[in-house]
Amino acid sequence: MKKFQLGEFEEIVLLTVAVLDQEAYGFGIKEEIESRQERSVSIGALQSALRRMEKKGYLTSQKGEGSTERGGRPKLFFRITAYGMKALDYNKNVRLDLWNAIPKSVSNLSYD
Amino acid sequence: MIKRFADIVFKWYCRKDYYLDIRGDLEENYMKHRERHSRRIADLMFLKEILLLFRPSIIQPGLNFLFSTNQSAMLKNYIKIAFRNLQRQKAYTAVNVLGLSIGITSLFFILIFIESEFSYDKHHKDGDRLYRVSTEATVNGESVTMITSPPGLKGRILADMPEIEASTRIVSFLGISKNIMRLGDRAITETRGYLADPNYFEIFNYPILYGSRERMLEQPQSLVLSKTLADKFFDEVDPVGETITIVNDYGTSDYAVTGVYDDRGINSHMNPAFVCSMNSGQIGRYVVGNDRLVGNNFLFTYVKLRPGTDAKTSSEKIQGLIANHVESPENAHGYLPVTDIYLHSSAPDQGNIGGDIRYIYILITIAILILAIACINFANMAAAQASKRAKEIGVRKTFGALKRMIVTQFLGESMAITLLSLIVSIAAIFLLAPSYSSFTGKEIATMQILEKIGFLVAIGLVTSLLAGSYPSFYLSSLKLKNILGGRSSNSAGSFIVRKVLVVFQFVVGILLIVGSMTTAKQLNFIQSKPLGFNSTNQLVVPLQSEEVITQLTKVKSTLLAIPGVQAVAGTTYTPAQFVLSDNLFRASPAQPSEDGIIIRQNDVDSGLIEVLGIEVVAGRTFDESISGQADRSIVVNEAAVRALGLTNESILNNDIYTEERDGVVGYNVIGVVSDFHSRSLHRPIDPYLFAMRPGNNMSSVIVKIDANNYQRTISALEDRWDSLFPTLPFEFYFLDQQLMAQYESDQKFAQIINLFTTVALVLCLIGIFGLTSFTVQQSLKEISIRKVLGASMGNIYTSLALKFLLLVGIAAVVSVPIGMIVMTKWLELFAYHINLGVSAAVFPVLIIIGSSLIVISYKLFFAARVNPTVILRGD
C-alpha cells in the first residue's frame, strides 16, 4: 500500500530542497541536481514537480527578494515540511526494508 | 527576438501567480547559457524550456481541457489518424507541404515588399494635407505634366489663396550633378542634395537630432545633414558649427553645418542626403530674386492645405489667379498628394526616384495566383485521396459519426498540413531573408518577420479552410452504401470541379510564361537595338567642378596624349542623360513663337559627333579650322527636320529661329545627323540639336579608348587626372553601362516576374502531378482490363494523354488572349518595342503541354508495368 506517493524525480527534488535548506528556489535546485547527478533538468519538469508536491503538502513556498540577474523578478523559496520529511523517511524505509531482505547469495554478487 | 516571442507565449499560457518567479528562473538560466553560447543558441534553449513548461500543473486552469481525457479522446484519435495518414503517404504529404510552403513563402516576401513600397512619405505630420504642385504644359502639341513649377508661384498662391496653410520649395542640385563634400582631408561624393526654404523641416517631418527645426535653414550657406551622411564625417559628436566645402558644377563654396536630422528607417520620395538653405550659392540667389509665374519650371513647390480643403478645386484656381498678373498664363497646375508621389508619379526623366504602382498591382496579382494554385493543388490532391480514405469514412459513419464530425476531421487534417507548411515557410523565410535584402536593397529585420508570424498563421488558417473545405465536404457527403458496397466513389460532378481547377492552373501557367517570355524578349531587344551611336569602349568622365571645367582644353590635351586614347570630346549631356535644356524653334522668323517646336539642345565640343559615331546624313559637323560664326552653327537630327516641316536639303545652310533675351536669333544649320536614341527606348526620339556656343559649360568628357589593354589605359587616365587635380577623385563610367542603368527598374521587374513564374510553374506541375496520379490510380482497373484485352502501352498512353491535352487546349483558349492583351499594354510603355508574334502564344502552350506529358509519362510508366492480375484480383 502506497501511503506517500513519491516518484523517482519527485524524490530527488524533495531531497535537494531539503539539502539546500534556506536556499532552495527553482534555478538553484536545478543547478544542484544537475551538478550532483549529471542529468539535465528542464525548468518545466522541475516546476511542475515542485508545484505538485506543494499541493500534496510536502513543500511550502515563500516569496523572496528580486535580484538583478533575474531582471528584478522575485525568487520563490521552497522549504520542506514535516510531512514532506515523513514522506522521504517512509520512502527510505521502504527501500531499506527491501535492501535488508536481499539474501546473502545475491548481495554478494559483484561485478568487478 | 525569439526570446521575446517565446516570453509572450509563456505569459499567455502560464498561471498568473506562477509567472513571475518561473520567469525569473528562466532568466537566470538564460544568462547562464549566454555565458557559454551565442545569442541565437541561448534563445533557442529558452524557447525549448518554454515548450517543456507547457504542463497541466503550470498552465492556466482555462487551458486544462487540453489535458482532460474525456473531450480530447476523439480529438486525439483524429490527430493520431491524421499523422498516421501523413506518415503513410510520404510523397503526398511532401508534395502538399512543399506546394503550400512555396506559396506562403512567396506571398510573405511579396507582402513585405509591397508594405515597404507603401511606406513612403507616411511619416510626415498631417501628411494627408501635403501636396506637390505640378505644371501642365503643352510641348510639341502634346500635353505634358511636369513635376516642377516656377519660382514665383509659392509667394503668389500663399498671398492669394487662404486655403493654403504653408508652402515650401526645394531645388535639387540637379540630380545629374555630383556634389563633392569636403571636411579637412575627408571627401565624399553625394548626389542627393537640395536647397530648401527655411520652413522645409516644419512641413516635412524628420526627427531633428541637432539644431533648431525652425531656424536651421534661415541663414545663407547653412547646411543640414542627414544622420547617415553626418556619420561619415563626424563620429557621434554634435557637428553644428563645423564648415563643409561643397564642390559641384556651380562652383565651390563653404557651408556651415546648422543641424542634423534622422533619416534612418524613413522612406521618402525626396530621400535627401543633405539640405542647404535656399539662400545659398548661385542658384539659390537666382531663386530668391526670381518671381516668375510662368516658365523657369525648375523647382519643386509643396503646399500644405488647411483641413477640409478640396485639393482639386484649389489647384484649378491657380491658373486663373496667375492670369491676374501675367498676360498669357499658358500652363495649368495640379496637386499630387505627397503620400502618392513615390508610387504614382511617373516622371523618371525629371530626376524622380520612385516605385511604380503598376508593378505593385502585378505583384499582388501574382501573389494571389500563387496562393490560389497552392490551394487548388491541395484540394485536388486531398480529394484524390478520397478513394483511399472512403473505407475509413464508411467505418466512422457506421459507428455513428455525424457529417459534421467528419468535416471537422478533414479540416483538422488540412490544418495539420498547413501547420507543417507554416513551419517550413518560416524556416525558408529566415533562410531567404538575406537574398531578399540584397535583391531589393531593403533591409529585413528578424523582428519584422516575427511580427508577421501572426499574419502568416492567419494566411495558413485561411489556406487550410479554403483548401480543406472541398475535400472535407466532398468526403463527408459520400453515401455509405456506395463506399462499403465497393462501388466507385466518384460522381461525375466532383470530377468536373477538379477539371475546372486544373484548367485554371494551366491558364495561370500559360499566362505567366507568356509574361516572362515577352519581358525577356523586350529587354533583350533593348540591349541589342542599334542606338544610332557607338556606346562601346566609351568612357564618361564627369568634370566634377568649375576648376576642371575652366581647364577643359588642358584636360583634353593631357588625356589625348595617353596611348590607347583615340579621341576626347566634351559634352553637356551624355547620351544616357536627359537633356534639360530646350528651346522653341521655328523655320521662319515670321512665324509666331507659339508655333515653334521644342528642340533639345546640347552644347558640345567640335569632335563629339565623331567620337559618338553618329551618322551625318547631310552637310558637315563642327570644324574648328573653318573660322566664322561657330557659336551660331548647329547640327540637328532628322526628327527636328521633320518636326520643322523641312527636308534635309531645304534646311541645310539655312537658319532656324528662336527667341532669346535680345530678340529673335537665327541659328545656321550646317549639318543633319540621323536619328539616334538620346533617351531611353521608353521614349520616342525628340528633335535634337548640337551647338557649340562659347561660354556653355560642359559637364563631362567622353573618352574613346582602344578595346585592348583598356585597364592600362584607365589607370593611365587616373594617373594624369591625379597629377592635374590632386584634390578631386577620378571618376568614370562606361557609357554602355550608364545606358543600361536606364532600364534597371524594367530589369528588376523581369527578374521578379521570372522568379515567380518559376515558382508558379513548379506549383502547376505539382498540381498536374497530383491529378495525373489520381487519374492513373482511378484508371488502374481500366488500364488492366485494356491490357488483358491486348492494348499496347502506346494505346493506353494516348488515351490518357488526350484527356489532359483537352484540358490544356481549353486553358490555352482562355489564357492566350488575356496574356496578349496584358503584355501589349506593357510593351506600350516602350516607344520602341517588339511585336508579339504567334510564337509568343505557341511557345507557352507547348511548354505546358511538354511538361505535363513528361509528368504523365512518368506516372504511367509505373502504372502500366503493374501486373493486371494484382489489380483485378480483388473483384
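Tutor: A residue is buried if 20 or more other C-beta atoms, placed from the backbone, lie within 10 Å of its own. This is a predicted model, in which local features need pLDDT of at least 70, side-chain atom pairs count only at pLDDT 80 or more, and totals for chains, interfaces and linings use all residues. Residues are numbered from 1 along each chain as its sequence is written, while chains are lettered from A and ligands numbered from 1 in the order in which they are written.

Student: What percentage of the residues in chain B is buried?

Tutor: Of the 875 residues in chain B, 37% are buried.

Student: Which residues have the most contacts inside the largest nonpolar core?

Tutor: In soluble globular proteins, nonpolar side chains tend to be buried together. A nonpolar core is a set of buried Ala, Val, Leu, Ile, Met, Phe, Trp, Tyr and Cys residues joined through C-beta atoms within 7 Å. Here the largest has 77 residues, and B:I370, B:I373, B:A374, B:A379, B:I510 and B:A760 have the most contacts inside it. Helix α12 (residues 357–384) of chain B supplies the largest share of this core, 15 residues. A second, separate core has 55 residues, including B:V555 and B:I609.

Student: How many residues of chain A are in contact with chain B?

Tutor: Two residues are in contact if their C-beta atoms, placed from the backbone, lie within 7 Å. By this rule, 17 residues of chain A are in contact with 17 residues of chain B. Helices (H or I, at least four residues) and strands (E, at least two) are DSSP runs, numbered from the N terminus. On the side of chain A that touches chain B, α3(A) gives the most, with 7 residues.

Conventions. A residue is buried if 20 or more other C-beta atoms lie within 10 Å of its own, exposed if 12 or fewer, and partly exposed in between; C-beta atoms are placed from the backbone.
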